[in-house]
Structures are given as structure tokens and as C-alpha cells.
Amino acid sequence: MKLLAFALALVSLPASAQMCMPLATVFYNGNILTGKDLLTDHPQHVSALGVAAYSGIIEITGTDKEVLGYCTVFKKIDLHGAFVMPGFNDAHTHMAFAGQQHLTVDLDNILSLSAMQGKIKTYASTLPEGQWITGGGWDHTKWASKTLPTRQDLDAVTAGHPAYLERTDGHIAVLNSAALAAAHITGATKSPAGGQIDLDANGQPTGIIRDAALALIKPAIPKPDAAMRRRALQLSIDDALVHGVTSVQDYSDWDDFLVLEQMEKEGKLPVRFSEWLTFNDSLETLKAQRAHHDLNDPMLHTAMLKGFMDGSLGSRTAAMLVPYSDDPKNSGLARYDQEKLTQMAAERAAAGFRLGFHAIGDKANAMALNAYVSVDNIADAADRKYKADCRNRLHLKDGEVADQCDLPIPSRSALGRFRIEHAQVVSPGDFQRFHDLHIIASMQPSHLLTDMAWAGARLGPDRSKYAYAWKSFLDHGVVLCFGTDYPVESISPFRGLYSAVTRMNEAGTQTFEPQEKITLNQALYAYTQASAYAQFAETQKGILAKDYLADFIVLDRDITKATPQELLHARVLRTVVGGVTRYTALTTLGAEDHHHSIPDGDGN
């Protein structure tokens, strides 16, 4: 019936109008920053855009008169002069973990050990006997004591329930005695490479488990069922939409991907997901997962492989070339030796997988870059052999050229748009290596808002100059994309914009290496167009123009004219994905007017 109604509508048009594309919705009377010419002195602004019927694609942008008069319009929405821009594309999230944290013990922004204990005790009192207590978000660097919690701290409030609670960065966790026993972790348990079981003066576990050692406990923890995974993902998706995020590049479990797939089948997936796979998984598993779902699906697909080079600065597990300034016997934890990393990277790149490595410390970043160099060298050798074999088959003499044999082949890292996630501390000479290898720096500016309270002490003055170095990457011609690492930080991109342009804490009382500030338009580009480029989608999103996805947001202020502090208070009034309004702040929006009949579903 929907298609019949649409066909009848077309037939009823004048002959002169039947050649144009009917518009499902026109958004007009706005201040629309399209993203075109964003890095110039004159970024493009228009007042209206029209979304083609049934496609969720932008058909036209321009003046109100041009767009409203373009063709038949089924629905018109007056923007009342509001500021509009492309939807944010968060280049680094953990959506499932974020939602699960909300459904379990959410310790985000807990400011003391006693407050953490109180929240755990209350939660434990609601559980049936023996049920695990899971969750996380705690950050001891926000506590006056700055001291890590212990198993004894949890034992006092968990009433015998096994408890596993991750720090906000996910790189260390605190366990109680019952959880340690369930995982058979004792003072005699050997720490795996790239991980650590902290021991007290008596040689017994303190309850703190670091990085690769977390794998020892995971098999003992009951996995969430599909229903809980869906509730968790829905919470995170809702949070994204409220903050104007229309696309996420995400690292969650494969079981979460299957839940997302079911949501898409039901037409209930309102945010676009590019889902990463696990670098450490076998090639057989990875190939099966890649083949499972359409790689060109604009709503949901698998993407790069994510591998972890090290941990985090907050946990002092980021791998450093020299020890921490505030912990001179500790250089962090490297998760791989270089030879093994290079071997795995080369195998996976040869199988056609794109690669992205989590690297925080300068040693970890150097290891990732070394692996990418080796991948390119191995591929170059194979290409040279192919060219030589090709020339031999054609009996070519020196100086003779054949296109099929001699066309230049770009490096694998360039072809794959390989990435380094975080890139927080980089040796001075490695900025140029990022450029030369065509490696994308995928960074999270809001991390600095939290980390600047202690980052200088961790790194010392010399290394701090090359930490969170957004401008240095841009100055070296490196593609810089932005995300949040949600839930390590809030998914709000406005905190990241503020951080990028000020490098000050939110109170405005502390700054960190201000020479690394970038402009607002550079930050907006990193959050939209560069993020799209990083996922091979620069011809689909990040710009509001004909034939691009109609993913955009309406804000309560023109952020290009806002003060830095005003950026922190920017509010999303409407989030549109594929031409469909997925979120509105109803109390602040005027009524949508001039509704004409159109079959339901003005996008996909």
C-alpha cells in the first residue's frame, strides 16, 4: 500500500515535475553548516535541505525558495533559524560495555573509596545469593587518597557475592576474595605476558588485576544474555542520540553484534555502527565474522581489527620507553613482543583485514608503527615478486613497460587506512612516521580533561610536550579523527570540542601544553569528515550535500560563534539519521508544520 500511495502521488504530479525526485522531508529556515569548505575561511552555509523519499539521502540543499520549490514535498519542518550541522561520527566507542555499566554497578564519577563501597553495598543487598557483582567506572585518581582499592575493601561490602569491577579505562579491575577464588587466582598464579596480578607484602593478591591478566578472570564471570545485551545497547544508543552522535565506530563483543543485527532486522537500529573485530582471534574466526554480514550495509557492518599494544596512563600500564616520572621502577606493560606482533599483523593484512592498534605510551606507538612498516615491507616484497613474474611471463626486456606488470601499488597501510587508537604519547620522530606510513591518528580529546590532573606527573616535562598532541599530528599532515572512548569519557562530543580548542580543564583552572590547541573547525572536521574517512565513508557522510546520507543534528546555539565555555553547555534539539528524526528535545522544539501525507518511513 505504501508503494501504491507513492506511485499515485507521482502520477498526480504535473508532467514538468515528474522528472524531479519527490522529497520526503524538507528542513527549512535554518542556519545549516554543510561541512563543505569547513577548513577554509568561508565554510558553506545554506538555509534548507531536502531528503529524497524512501532513500534517507539528501537530494538538494540551498535556499528555502530553491529547496521548497524543487519538487513535491510531503513534509516540511521549520527549523526556526536553529543551527544545523552534520551528525557526529564517534570514531572510538565501547557501546555494549557502556550500557552494561548502567545496568550493573555504575561507579562513574564516584569521588571516594567510601562512596564506592556504599554504592556496592546497596547494590549487593538487591541480589540473590551467589550472584556476581559486575560493573565499573571507578577512577582512583579522582579520590583524595589516589590509592587503588583492594579485595579487602570489597570484601567488607559485598556480602559474599563474587565482585569484579573495572576501572574507568577497562585496563585494570579490582576483585574481591570470592571472585579471585572463583578464577583460581592465588599468590602462586603466574602473571601472563602483558598483564600483572598485583601482590601484597605477604605475596597474596591485592585484588588488582592488570591488562592481559584480566583474561584469567573473564571465563569465570557469567555472560549477559541477549536480552540484557539489548537493554544495554539501547541505553547507549539513546545516550548517543541525545548527544548528537549519528555514527559510532565501536568495539563490543561478537554477541553484541548479533544483537545489533537483530535490531536492524526489526527496523530498530537508529544509529550507524561500524563494528571492530578482535585482532587476536584466529584468521578462521575473523574470516567467518567478516563474511557474516554485508560489508556495505550503511547501518551495520564489521570493519577493522583492533589489537592492544598496552594499557593506560591512568593505570600506569601504558608501555613507555623510559619509566614513569612518578613511578621510576615501572615502564608499563607491552602486550606483544615485536616479532609476534609483526607476524600477526602481516598475516591479517595479507588476508585483507584493516588494522587498528590501541597504543597509549611512546613505546607502544613505536611498536605499532614498526609493525606497520614490516607489513608494508612484506607486501612490497610480494609485489616485487609479482611484477618480476609478470614481466617474465610476458618476456619483457629491460626498459619495456606493461601496465599490468608495472603500475605502482600503494602501501598496505595506505590502502587499509590503518590506524592507531589514542596515540597519546608519541616520540618526536614518530609524528613523521605516522605521515609517511599514512597512519590515521584516532584520538579522544576529552581524555585530556580528566588526565591533565596527573598526566604531567606521570610523564615529566619532556614527554608532556608530545602528549595528546593534536596540532603536531595536523602539522605533520596526519589524518586526525576524534571520538570519546565512551564510557571511559562521556559520549558528548562537546566536551571534546572544548578540550581541543582550549586544552583547559572544565573549570578553566588548569591547562596542559597549550601549544597543541587546534581550531574549532579543525575539531569539527575530525569529529565528522575525518571520522568518515577513517571508515572509508567520506563519500557517504560527514557533509550535508546531494547524495550524502541525511544524518544531521539541530543545536540550541551556533557553536561556531560560541565561547569555549558555551560549547560545554550546547544542547541537541533534534537528531536525524537517514532523514528520520530519531531524537527530539520536545520541550524546546516548535511543532512540525505543513505535514502532507506520505507513507511511513521517510528514510531507512
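A nonpolar core is a set of buried Ala, Val, Leu, Ile, Met, Phe, Trp, Tyr and Cys residues joined through side-chain atoms within 4.5 Å. In this predicted model, the largest such core holds 113 residues, and the members that touch the most others are Leu 313, Phe 357, Phe 434, Phe 482 and Leu 497. Helix H11, spanning residues 362–393, gives the most to this core, contributing seven residues. A further core of 17 residues lies apart from it, including Trp 138, Trp 143, Ile 172 and Ile 208.

Leu 497 shows what such contacts involve. Beyond its neighbours within four places in sequence, Leu 497 is in contact with Phe 88, Leu 520, Ala 523, Leu 524, Tyr 527, Ile 559 and Leu 567.

Thr 502 belongs to helix H18, which covers residues 493–502. Its relative accessibility is 9%, and Thr 502 therefore counts as buried, the limit being under 20%. The side chain of Thr 502 reaches the backbone oxygen of Tyr 498 at 2.7 Å. Leaving out residues up to four places away in sequence, Thr 502 touches Thr 511, Lys 517 and Pro 564.

The cysteines come next. The model has one disulfide, which joins Cys 20 to Cys 71 with an S to S distance of 1.8 Å. Because the torsion about this S-S bond is about 70°, the disulfide is right-handed. Cys 20 lies in the loop between helix H1 (2–11) and strand E1 (23–28), and Cys 71 in the loop between helix H2 (64–68) and strand E6 (76–78), so the pair ties together parts that are 51 residues apart in sequence. Both Cys 20 and Cys 71 are buried. Cys 481 is also buried, with a relative accessible area of 0%.

Conventions. Residues are numbered from 1 along each chain as its sequence is written. This is a predicted model: local features need pLDDT of at least 70, side-chain atom pairs count only at pLDDT 80 or more; totals for chains, interfaces and linings use all residues. Side-chain values use heavy atoms; hydrogens and water are left out. Helices (H or I, at least four residues) and strands (E, at least two) are DSSP runs, numbered from the N terminus. Buried means under 20% relative accessible area, exposed over 50%, partly exposed in between (1.4 Å probe, protein chains only). A polar contact is a pair of N or O atoms within 3.5 Å; within protein, one must be able to donate a hydrogen and the other to accept it, and residues adjacent in sequence count only if both atoms are side-chain atoms. Contact means heavy atoms within 4.5 Å. A disulfide is a pair of cysteine sulfur atoms within 2.5 Å.
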